Amino acid sequence: MNLLDSLKRSTTVVADTGDFESIAEYRPQDATTNPSLIYQAAQKPHYQHLVDEALDFALGSPGDTASRSATFMDKLFITFGCDILKIVPGRVSTEVDAGLSFDTEGTLAKARKLIGMYQEAGVGPDRILIKIASTWEGIRAARQLERDGIHCNLTLLFSFAQAVACAEAGVTLISPFVGRIYDWYKKERGGKDIPADEDPGVASVTRIYDYFKKFDYKTQVMGASFRKVDQIVRLAGCDLLTISPDLLKQMEDTDGDVKRRLSVEAAKASDAKQIHLDEKTFRWLHNEDAMATEKLAEGIRKFYADARKLEQYARARVTQKAAG
């Protein structure tokens with residue numbers, strides 16, 4: 001048995017890609033997308049029919065170039081998402097623009113628009129996760145969306161405070177970023193590699209998983225942003241793990257048996273103490289974590305830059321198509 005098939009015995013594997021061929025090859029349960037992945041996929045010739053479909057939809061919508069470009073971006077997410085759902089049996093995560101990370105009402109409006117567009121395309125909300133940054137404002141929006149039957153994936157999660165706030169808000173799923181946590185501590189330690197059994201990213205996800213299971217929170221934990229196979233193997237048993245195609249390939253090409261590391265039974269036996277967070281306590285606890293504070297801010301900036309790159313592409317294609 002290879003590592004990938006072995007991992008699937010205890011953990012739901014999610015493909016972190018917008019490339020259909022990779023998704024079909026590794027047979028994950030779910031898939032996640034973001035503006036960067038969609039932009040990369042949109043450049044490939046064999047996806048041009050999806051780009052054209054989104055373009056035609058945008059040009060048929062009312063408004064100026066800016067509003068049509070925004071519609072094109074949204075439709076691009078929907079068309080790729082719908083095609084991905086023809087391959088995976090589970091769900092696809094579709095991201096709200098990082099520019100709305102501190103705007104609860106804006107996030108609510110965008111999420112509802114995306115869900116509405118999916119429904120028009122014949123896809124129900126049970127197969128969609130709306131991906132939102134784990135700011136206080138984003139978590140408030142997710143809380144309301146979940147009450148409305150719209151499921152959320154809270155991303156850019158680095159601190160224990162973020163995780164607890166998400167669980168208390170009743171969100172469907174969180175994506176703690178293992179690799180980016182590892183990157184920060186590796187840099188702090190002068191660039192030296194950190195052994196897997198000392199990996200702060202792995203430790204963070206383990207702590208969150210144990211806390212959620214001990215206190216019976218329904219929120220699922222999906223480890224994300226991996227740098228190496230060792231990190232993935234150490235989190236076997238986690239609810240879900242979202243993995244890039246290159247790491248999926250490494251695991252598929254490696255023989256071995258992945259032993260379960262995380263379990264509800266071990267979590268119940270942990271000595272974690274339950275806490276409850278209001279906004280002030282959340283902001284203070286998150287602020288006390290230098291790594292989480294820096295990586296959340298950096299992550300939002302990077303996600304925003306990726307969205308603007310896709311936006312520029314959208315504007316250029318809409319302008320070109322309208323002129324032609």
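This is a predicted model: local features need pLDDT of at least 70, side-chain atom pairs count only at pLDDT 80 or more; totals for chains, interfaces and linings use all residues.
Biologist: Quick one: which residue just after H9 takes a positive phi?
Modeller: Gly 190, with a phi of about 80 degrees. Residues are numbered from 1 along each chain as its sequence is written, and side-chain values use heavy atoms, leaving out hydrogens and water.
Biologist: Switching to strands: how many close into the barrel?
Modeller: Eight, in the order E1-E2-E3-E4-E5-E6-E7-E8, with parallel pairing. Neighbouring strands are turned by 30 degrees against each other on average, direction ignored.
Biologist: What does E3 pair with?
Modeller: On one side, E2 (residues 30-32) pairs with E3 in the parallel sense over two bridges; a pair needs at least two bridges in DSSP. There, Ala 31 stands opposite Val 92. E3 is also joined to E4, again parallel, by four bridges, and Thr 94 has Ile 130 of E4 as its bridge partner.
Biologist: Are the faces of E3 covered or open?
Modeller: Covered, both of them. Val 92 and Thr 94 are buried on one side, and Ser 93 and Glu 95 are buried on the other.
Biologist: And where does E6 join E7?
Modeller: Two bridges link E6 (residues 173-176) with E7 (residues 220-223), running parallel, and Leu 173 sits opposite Gln 220.
Biologist: Which helix packs on the sheet at E3 and E4?
Modeller: H6, residues 104-120. It touches E3 (92-95) and E4 (128-133), and its direction makes about 160 degrees with that of E4. Touching means heavy atoms within 4.5 Å.
Biologist: Last topic: at what angle do H7 and H14 cross?
Modeller: Roughly 135 degrees, with the axes of H7 (residues 136-147) and H14 (residues 279-287) coming within 11 Å. Axes are lines fitted to C-alpha atoms, for helices over the stretch in contact, and angles run from 0 to 180 degrees between N-to-C directions.
Biologist: Which residues make that contact?
Modeller: Trp 136, Glu 137 and Ile 139 from H7, and Glu 279, Phe 282 and Arg 283 from H14.

Methods. Buried means under 20% relative accessible area, exposed over 50%, partly exposed in between (1.4 Å probe, protein chains only).
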